[in-house]
Amino acid sequence: MDNQIVDEDDINSCVVNIYPLRGYYFGSKDAVLPKHHTYFDQLQKLKSNYSTNGMRVCVEAVMLVELLKQPHLLVLQMRNSFFKLPGGRLRLGESEIEGLKRKLSNKLSYNGNGVDDNWEVGECLGTWWRPDFETSLCPFLPPHVKSPKECLKLFLVKLPMNKSFIVPKNQKLLVVPIFQVHDNFKTYGQIVSEVPSLLSRFSFNMNNL
């Protein structure tokens with residue numbers, strides 16, 4: 001077998017620094033009214049937006065903290081009914097990184113009108129596609145689908161040692177062990193339950209300062 005040379009930069013790029021939960025502050029702000037009350041409403045909005053703007057492109061953040069010497073994932077619980085990662089839909093012509101920074105600032109800070117540049121958006125971890133309006137997101141684009149209706153990308157967002165998260169009162173930002181999320185589709189849904197698998201190639205440096 002040929003000897004393989006491992007690049008030190010490649011090794012370092014697969015190490016994620018995670019800081020203790022005690023370094024983060026969690027507060028609340030005014031509730032945000034839901035845009036869609038039913039699945040039918042959501043479907044109609046998706047169709048309307050597609051006819052006007054084309055394929056919907058969404059970005060979401062994978063953010064980790066350390067608790068009890070274990071990596072934990074930050075997950076939004078919406079209206080006490082379902083879970084999702086922080087993020088949302090891009091504007092027309094908006095870059096993925098700038099759009100994700102805008103969405104995180106809007107959803108998780110005091111003032112949603114400005115963009116907090118203190119979000120370190122890293123690499124894309126995975127991409128999902130919605131082939132048709134009434135189908136679920138797929139982690140691949142079927143070869144026969146020429147006009148997908150939605151694209152969702154997850155990005156690793158590396159947190160600093162200290163940060164404040166300000167969440168609408170009708171939402172909760174939960175800190176969940178990644179082993180609890182893994183393969184737990186029934187509780188956390190299609191996307192969130194896949195995150196531990198996407199993170200499997202990384203090593204976690206627990207900075208328990």
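Trainee: Why is Arg102 called buried?

Mentor: This is a predicted model, and the label comes from a computed area. Arg102 has a relative accessible area of 13%. Buried means under 20%, so Arg102 is buried.

Trainee: What makes the pair of Arg102 and Glu94 a salt bridge?

Mentor: Distance. The closest N and O atoms of Arg102 and Glu94 are 2.7 Å apart. The cut-off is 4 Å between a side-chain nitrogen of Lys or Arg and a carboxyl oxygen of Asp or Glu. The pair qualifies as a salt bridge.

Trainee: Why can such side chains pair at all?

Mentor: Side chains of opposite charge can pair when their charged atoms come close.

Trainee: How many salt bridges does this rule give?

Mentor: The count is seven. Another one of them joins Glu96 to Lys153, with the closest N and O atoms 2.8 Å apart. Glu96 belongs to helix α3 (residues 96-108) and Lys153 to strand β9, so this pair ties together parts that are 57 residues apart in sequence.

Trainee: Is Glu96 buried, partly exposed or exposed, and what makes it so?

Mentor: Partly exposed. The relative accessibility of Glu96 is 28%. That class lies between the 20% and 50% limits, so Glu96 falls in it.

Trainee: What makes Arg130 and Glu150 a salt bridge?

Mentor: Their closest N and O atoms are 2.7 Å apart, and the limit is 4 Å. Arg130 sits in strand β8 and Glu150 in strand β9, so the pair ties together parts that are 20 residues apart in sequence.

Trainee: How do you know whether Arg130 is buried or exposed?

Mentor: Take its relative accessible area: 15% for Arg130. Under 20% means buried, so Arg130 is buried. For Glu150 the area is 8%, so Glu150 is buried too. Salt bridges with shared partners join Arg56, Arg130 and Glu150 into one network.

Trainee: Which strands make up the open sheet, and in what order?

Mentor: Four strands, in the order β7-β3-β9-β8, with mixed pairing. Strands β7 and β8 are the edges.

Trainee: What makes β7 and β8 edge strands?

Mentor: Each pairs on one side only. From one strand to the next, the twist averages 20°.

Trainee: Why is Glu60 called buried?

Mentor: Glu60 has 11% relative accessibility; the limit for buried is under 20%, so it counts as buried. Glu60 lies in strand β3. Leaving aside neighbours within four places in sequence, its contacts include Leu100, Lys153, Phe155 and Ile191.

Trainee: How do you know that the length of helix α2 fits a helix?

Mentor: Helix α2 has 15 residues, 39-53. At 1.5 Å a residue they should span 21 Å, and the end C-alpha atoms are 21 Å apart, so the two agree.

Trainee: Which residues of α2 are buried?

Mentor: Leu43, Leu46 and Asn49.

Trainee: Why do the buried residues of α2 line one face?

Mentor: Seen down the axis of α2, the buried residues fall within an arc of 130°, so they line one face of the helix. An α-helix has 3.6 residues a turn, so residues three or four places apart point the same way. The cover over the buried residues of α2 includes β3 (56-62), β7 (87-89), β8 (120-130) and β9 (150-158). On the other side of α2, Phe40, Ser51 and Thr52 are exposed.

Trainee: Why does Tyr39 count as exposed?

Mentor: Tyr39 has 52% relative accessibility; exposed means over 50%, so the label holds. Tyr39 lies in helix α2. Beyond its neighbours within four places in sequence, Tyr39 is in contact with Phe133 and Glu134.

Trainee: What makes Ser28 partly exposed?

Mentor: Ser28 has a relative accessible area of 47%, between the 20% and 50% limits, so it is partly exposed. Ser28 is in strand β2 (residues 24-29). Not counting residues up to four places away in sequence, Ser28 touches Ile166, Val167 and Lys169.

Conventions:
Residues numbered from 1 in each chain as written. Predicted model: local features only at pLDDT ≥ 70, side-chain atom pairs only at ≥ 80, totals over all residues. Heavy atoms only, no water. Helix = DSSP H or I, 4+ residues; strand = E, 2+ residues; numbered from the N terminus. Expected span 1.5 Å × (residues − 1). Buried < 20%, exposed > 50% of the residue type's maximum accessible area, 1.4 Å probe, protein only. Arc of directions from axis to C-beta. Contact = heavy atoms within 4.5 Å. Pairing = 2+ DSSP bridges. Axes fitted to C-alpha atoms, helices over the stretch in contact; angles between N-to-C directions.
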